[in-house]
Amino acid sequence: MKSLIEIPEKMNALVLHGVGDLRYEQVEVPELKDGTVLLKIKACGICSSDMPRIFVNGTYHFPTIPGHEFSGQIVAVGNGVDESLLGKRSCVFPMLPCRSCRACEMEEWAQCSGYSYFGSRCDGAFAQYLVVPTWNLVPFSDELSYEEAALCEPAAVSLHAVNLSGLKEGMNVAVIGTGTIAFLIGSFAKSKIGDGKVVICGRSENKLEYAEQLGFEMVNTSEEQPQDGIKRITGSDGADVVFEAVGSNAAISSAIKSAAALGKVILVGNPDDDLKLEKNVYWSILRRQLTIAGSWNSNYNSRINDWADALKIFESGSLNLKGLITHTFKLEDNEKAFETIKDPNEFTLKVMFTID
């Protein structure tokens, strides 16, 4: 083992002991193993999926340290690891596949039937340190901040969805939702369609104002049905591709209604509860011959690497990444961080922990 620092025995972390029981406390620093590195966490985003994970459903076991959208500096390397990695900045593909199932044989890691996952099935990055296999490392340049790089996970998820859609120049796109992933999907889609239009649909006025600043068309769903606004803006019978980034009954129904005949609907949002489609909405899928596709996680294989592609876009400076990060907090201020996310009057996109 080689190290840049004297590795402490204890570290500060947010530990989930039960549903709603998140504690800021000291725990042991995880031990390095062969083929792994010790990452000093610098930034970790709070994913929308972390909210039900912490406050509603829990993780797969307790105690667990949440957090899967993160970046940091490699401060120690285990046996068999290239020492030139020491000091490098890296974000991390958070999935730990079984490598033996059918999906893993095809390098389709996101469809692994026996995976582990940082922050839900094993400890994650709401902490000062994390041990990571070298295979999961996604290094980035010094020009990119740790906070911006911590957006790579939602960016890879968003880029994956856009790539699945088969977007072409001149197409019109609708995005149902106004969260971080919705805006990233809109941004990636905009770069592919040339003169086509990207319509962001949501009810939060401050987020719709932000969408306008980014150059998107907007539909305020408090005032107008998404399908009506999309038809008005595009001058057609709907969008060629609709991305659903909420996961609710209403949003999925709106996405289906907003798609043009022979269009595509890409489902990205995580549902909070069971879903039910009205008969007429289901019929519209059949009669307009829509293609409905699910998008899960991201590609990270020898053929397609959404993480590397997202970092290239990040490093090009073409996206306003800092604008997506609306709040940063220290781990010890976690209660305020979660209160901010829950406050309907607060403009939040990506809320992030920055860690010393």
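This dialogue explains how to read several features of a predicted model.

Visitor: Let us begin with helix α8. How many of its residues are buried?

Guide: A residue counts as buried when its relative accessible area is under 20%. Helix α8 spans residues 249–258, and seven of its 10 residues are buried, so by the under 20% cut-off the helix is mostly covered. The buried residues are Ala 251, Ile 252, Ser 253, Ser 254, Ala 255, Ile 256 and Ser 258.

Visitor: Which strands are joined to β12, and in what sense do they run?

Guide: Strand pairing is read from bridges. Four bridges join β11 to β12, and these two strands run parallel. Within β12, Ile 200 stands opposite Val 175. Strand β13 (residues 217–220) also pairs with β12 in the parallel sense, over four bridges. Here Gly 202 has Asn 220 of β13 as its bridge partner.

Visitor: Where does the chain cross from β12 to β13?

Guide: The chain crosses through helix α6 (residues 205–213), and this β-α-β crossover is right-handed. A right-handed β-α-β unit is also made by β11, helix α5 (residues 180–193) and β12.

Visitor: Why are Arg 53 and Asp 50 separated by about one helical turn?

Guide: They are separated by about one helical turn because they are three residues apart in helix α1. That helix covers residues 50–57.

Visitor: Is Asp 50 buried or exposed?

Guide: Asp 50 has 0% relative accessibility and therefore counts as buried. Arg 53 is buried as well. Beyond its neighbours within four places in sequence, Asp 50 is in contact with Gly 45, Gly 67, His 68 and Phe 126.

Visitor: Which residue forms a salt bridge with Arg 89?

Guide: Asp 142 does, with the closest N and O atoms 3.5 Å apart. This pair links distant parts of the chain, 53 residues apart: Asp 142 lies in the loop between β10 (137–140) and α3 (146–149), and Arg 89 in strand β6 (residues 89–92). Asp 142 counts as exposed because its relative accessibility is 57%, whereas Arg 89 is buried, with a relative accessible area of 19%.

Visitor: Which residues are linked in a network of salt bridges?

Guide: The network links Glu 107, Glu 108 and Arg 303.

Visitor: Finally, which residues make the nonpolar surface patch?

Guide: Leu 277, Tyr 282, Trp 283 and Leu 286 make a nonpolar patch of about 370 Å². Leu 286 is found in helix α9, and at 48% relative accessibility Leu 286 counts as partly exposed.

Notes. Residues numbered from 1 in each chain as written. Predicted model: local features only at pLDDT ≥ 70, side-chain atom pairs only at ≥ 80, totals over all residues. Heavy atoms only, no water. Buried < 20%, exposed > 50% of the residue type's maximum accessible area, 1.4 Å probe, protein only. Patch = residues over 30% accessible without salt bridge, like charges linked within 9 Å, V, L, I, M, F, W, Y side chains within 5 Å. Areas by Shrake-Rupley, 256 points an atom, 1.4 Å probe, with all protein chains shown as cover. Salt bridge = Lys/Arg side-chain N within 4 Å of Asp/Glu carboxyl O. Pairing = 2+ DSSP bridges. Right-handed = clockwise from strand over helix to strand, strands pointing away. Contact = heavy atoms within 4.5 Å.
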